[in-house]
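Here is a report on a two-chain model.

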Amino acid sequence: MSRNSITVIAELRGKAQIEIGKKQERIELEQDATIPKLLDELQTRLGWPFREKFLDQSTGDLPNNVIILVNGLPVRGKIMSTLLKDGDRVVLFPHTACG
Amino acid sequence: MVLRIDLSNVKIRKEKLSKELAEKYLGGNGFGVRILYDEVVPGIDPLSPSNKIAFVTGPLCGTVLPIAVKFGAYAKSPLTGILGESFSSGLFAEKLKNAGYDILIIEGRAEEPVYIKISDEQVEVKDARFLWGKTCWETEDVLKDEFGTKRIGTLTIGPAGEKLVKFACVTVDRYRQLGRTGIGCIMGSKNLKAIAVNGSQGIEVANPDALRELAKETVKRSSGPEIEHHRVYGTMGTVEISSEQNAFPTRNWQASSFEGAQEMGVEAMFEKTFVRDVGCVDRCPIACGKLNVVKDGPYKGATVVGPEYQTAYALGSNCGINDIRAIVKANEVCDQLGIDTISGGCAVAFAMECFEKGLLSVHEIGDLELRFGDPEAVLRTLRMIASREGIGNLLAEGIRKASQELGLQELAVHVKGLDCPGYDARTLKGTALQYAVSSRGACHLRARVQVPELRGVVDYSEIEGKGKLVKDREDLFSLFDSMIVCKFALPIFDMSEMTKAYKYATGIEASAKQLLTVGERITNLERLFNAREGISRKDDSLPKKVTDPNQERFTGKEQLEKMLDDYYDARGWDRKTGLPRKEKLIELGLERG
């Protein structure tokens with residue numbers, strides 16, 4: 001791990017966990033990486049369409065039907081301004097709240 | 001048409017549905033509240049023959065629209081003493097409509113146990129002594145045998161309803177329930193074990209071709225991404241979303257997230273118990289229900305359509321249970337005995353905290369070891385509640401009364417007597433407000449504010465703007481519950497579709513604004529009903545477990561008071577009393593100027 005890199009823990013939920021067969025992945029990123037960068041890394045490493053599922057190409061934000069939490073807080077509307085830090089825990093839900 | 005049955009003297013009447021009622025209140029929620037307001041005398045004992053139950057359908061129910069299959073039940077609640085209301089689905093609503101009835105009103109009290117059999121015009125009140133003591137499922141099997149078909153609508157109560165457990169539910173077509181506010185208890189008080197209905201007359205609509213096209217479009221849209229979360233995961237998909245955001249009450253609200261959420265969440269369900277998707281009716285294209293069967297272990301064979309999220313909270317995290325198989329079993333026991341899973345689970349969780357803190361005497365608890373995380377303790381206590389045995393007799397009164405008797409009110413998590421649902425009101429501020437003001441007591445369905453809060457569409461920690469948000473969403477979902485359209489369909493069926501559907505079904509043209517005004521009218525009438533029972537601002541409160549500042553998360557009394565002011569302002573209600581102002585009532589046609 002270089003001095004300018006960070007490690008975040010990406011936790012997978014719902015279909016992502018079921019179809020990939022993994023609950024979490026440690027990802028090394030550059031300091032102050034954004035959520036889209038994390039999605040790219042996950043997609044490359046795990047071969048699952050994270051970017052398509054979690055990014056609305058027209059708005060650049062999350063689609064209505066997914067949730068991403070960074071350290072327990074939702075990042076909707078802050079997808080580009082959220083800069084990841086070393087040790088961050090990112091939980092990816094490919095679905096939303098109902099019930 | 002209104003079918004009215006007085007059980008005291010077995011009088012059956014068929015009355016024309018008034019045009020004014022249909023136009024001003026649409027159906028469902030509107031019908032239910034208006035009937036209670038007009039016909040239930042203030043101050044009556046909810047278990048007296050004077051109380052009434054109105055089973056209500058909506059104008060879209062029974063038509064080709066596959067997301068309009070629900071119905072409601074309204075009565076003065078024995079659990080809360082105010083407006084009692086619950087919705088369910090299944091075949092009952094469309095069979096009742098096909099038999100020619102929009103509303104079924106039950107009055108009086110039978111001298112001996114009876115059940116009601118409706119076959120189109122033929123309506124009979126029949127001896128049910130041979131059914132008394134049977135579970136909901138056993139009763140339903142007998143009724144289906146009598147009709148000679150499984151394609152009937154059935155409402156049954158179990159031993160809990162017979163024993164007047166204040167939160168007894170009504171089981172609908174085996175796997176669905178009129179869960180909240182004790183409608184099953186009122187059926188029990190009327191000696192009414194069951195209702196079975198079959199109808200074959202068909203339903204006329206104003207423009208069948210246009211409605212059929214709209215139904216086709218709705219089915220098509222329901223396969224898209226907007227509603228995938230309901231289709232694939234059902235409500236269980238919310239468990240971990242909620243727990244991760246500290247919105248999943250645990251061990252009688254002693255924590256806001258559950259360390260066992262993954263073991264009992266949606267992935268565990270798919271891995272361990274899931275069999276297939278099940279719709280409220282076969283033709284529902286969303287089919288958010290999940291048939292779960294325990295395949296191994298001590299609860300092998302337990303079968304339910306569920307658990308839903310709220311059941312996973314009440315019988316799971318709130319009792320410290322992290323095994324999805326044990327939750328399925330507890331869900332099955334509740335369904336068979338006729339216990340609301342939310343209030344049942346919350347009663348057990350309350351007793352567990354009392355026990356673990358040494359606050360229950362041997363006299364109260366006997367040899368029962370009530371420890372969080374013990375599935376056998378949950379099952380045993382549920383059975384004791386249904387039979388009113390030992391501590392079960394006290395818990396059967398609901399946690400408000402039980403906690404008063406024990407002098408332990410600070411451990412009871414309810415609003416106006418109704419146990420809080422499984423979204424943590426300490427974390428989610430708008431949700432706290434909706435619990436405080438909901439007409440039936442703590443309710444997660446009337447405004448569904450937890451949805452934008454958990455999705456991050458609005459900031460859940462913010463109190464600004466929540467008054468208007470709750471008001472607008474209450475009016476919207478009052479409308480949904482009057483039409484009656486499944487709330488989960490909102491992403492694919494909004495006000496544009498709603499106005500079309502109403503026009504195609506009834507021939508009446510109404511704008512979105514006009515329909516939403518009906519929603520507002522109904523919410524105001526609900527408040528008037530409750531006001532007659534003594535409800536005002538003082539009762540729009542939150543339990544101590546939510547407001548206590550001596551914990552990591554809380555929604556303080558000052559925060560609540562601010563949100564209440566905003567809410568009353570948005571409603572046009574008086575801040576001091578929390579009741580509708582005269583001008584508002586005149587504006588909504590609830591009072592003459």
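Predicted model: local features only at pLDDT ≥ 70, side-chain atom pairs only at ≥ 80, totals over all residues.

Chain A has three helices and five strands. Along the sequence they follow the pattern β-α-β-α-α-β-β-β. Chain B holds 26 helices and 17 strands. The table puts the two chains side by side.

| Property | Chain A | Chain B |
|---|---|---|
| Radius of gyration | chain A: 13 Å | chain B: 22 Å |
| C-alpha span along principal axes | chain A: about 45 × 30 × 25 Å | chain B: about 60 × 55 × 50 Å |
| Buried residues | chain A: 34% of 99 residues | chain B: 61% of 593 residues |
| Contacts at least 6 apart that join residues at least 24 apart | chain A: 50% | chain B: 70% |

How compact is chain A for its length? The globule rule gives 13 Å for 99 residues, and the radius of gyration of chain A is close to that, so chain A is as compact as a globular protein of that length. For chain B, a compact globule of 593 residues would have a radius of gyration near 25 Å. The 22 Å of chain B agrees with this.

**Where the chains meet**

The contact between the chains joins 28 residues of chain B to 19 residues of chain A. Several helices of chain B each supply at least two residues to its side: α8 (228–233), α9 (239–244), α11 (266–272), α12 (309–316) and α20 (450–455). The largest share, five residues, comes from α8(B). By class, this side of chain B has 11 nonpolar, 10 polar and seven charged residues.

**Domains of chain B**

Chain B is divided into domain 1 (2–198), domain 2 (227–415) and domain 3 (429–587). The centres of domain 1 and domain 2 of chain B, taken over C-alpha atoms, are 26 Å apart. Their contact takes 28 residues from domain 1 and 24 residues from domain 2. Which elements give two or more residues to the domain 1 side? They are α4 (136–147), α5 (159–162) and β11 (176–178) of chain B. The largest share on that side, three residues, comes from α5(B). By class, the domain 1 side has 15 nonpolar, nine polar and four charged residues.

**A six-stranded sheet**

Chain B has an open sheet of six strands in the order β8-β7-β12-β9-β10-β11, with mixed pairing. Its edge strands are β8 (122–127) and β11 of chain B, and each pairs on one side only. Neighbouring strands are turned by 20° against each other on average, direction ignored. Within the sheet, β7 (residues 114–119) and β12 (residues 192–198) of chain B pair in the parallel sense over six bridges. Between these two strands, Ile118(B) has Val197(B) in β12(B) as its bridge partner. Helix α4(B) lies across β9 (153–156), β10 (170–172) and β12 of chain B. The helix runs at about 40° to β12(B).

Glu162(B) sits in helix α5 of chain B. Is Glu162(B) buried or exposed? The cut-off for a buried residue is 20 or more other C-beta atoms within 10 Å. Glu162(B) has 25 within that distance, so Glu162(B) is buried. Leaving aside neighbours within four places in sequence, Glu162(B) is in contact with Trp132(B), Ile157(B) and Gly188(B). Ser119(B) is 43 residues from Glu162(B) along the chain, and their C-alpha atoms are separated by 25 Å.

Lys97(B) lies in helix α3 (residues 92–98) of chain B. Lys97(B) counts as buried because 25 C-beta neighbours lie inside 10 Å. Which residues does Lys97(B) touch, not counting those up to four places away in sequence? They are Thr57(B), Cys61(B), Gly62(B), Asp102(B), Gly199(B) and Ile203(B). Glu552(B) is 455 residues from Lys97(B) along the chain, with 51 Å between their C-alpha atoms.

Notes:
Residues numbered from 1 in each chain as written. Chains lettered and ligands numbered in written order. Contact = placed C-beta atoms within 7 Å. Helix = DSSP H or I, 4+ residues; strand = E, 2+ residues; numbered from the N terminus. Nonpolar A, V, L, I, M, F, W, Y, C, P; charged D, E, K, R; others polar. Domains from an automatic or database assignment. Buried ≥ 20, exposed ≤ 12 C-beta atoms within 10 Å, placed from the backbone. Pairing = 2+ DSSP bridges. Axes fitted to C-alpha atoms, helices over the stretch in contact; angles between N-to-C directions. Rg over C-alpha atoms; globule rule 2.2 N^0.38 Å.
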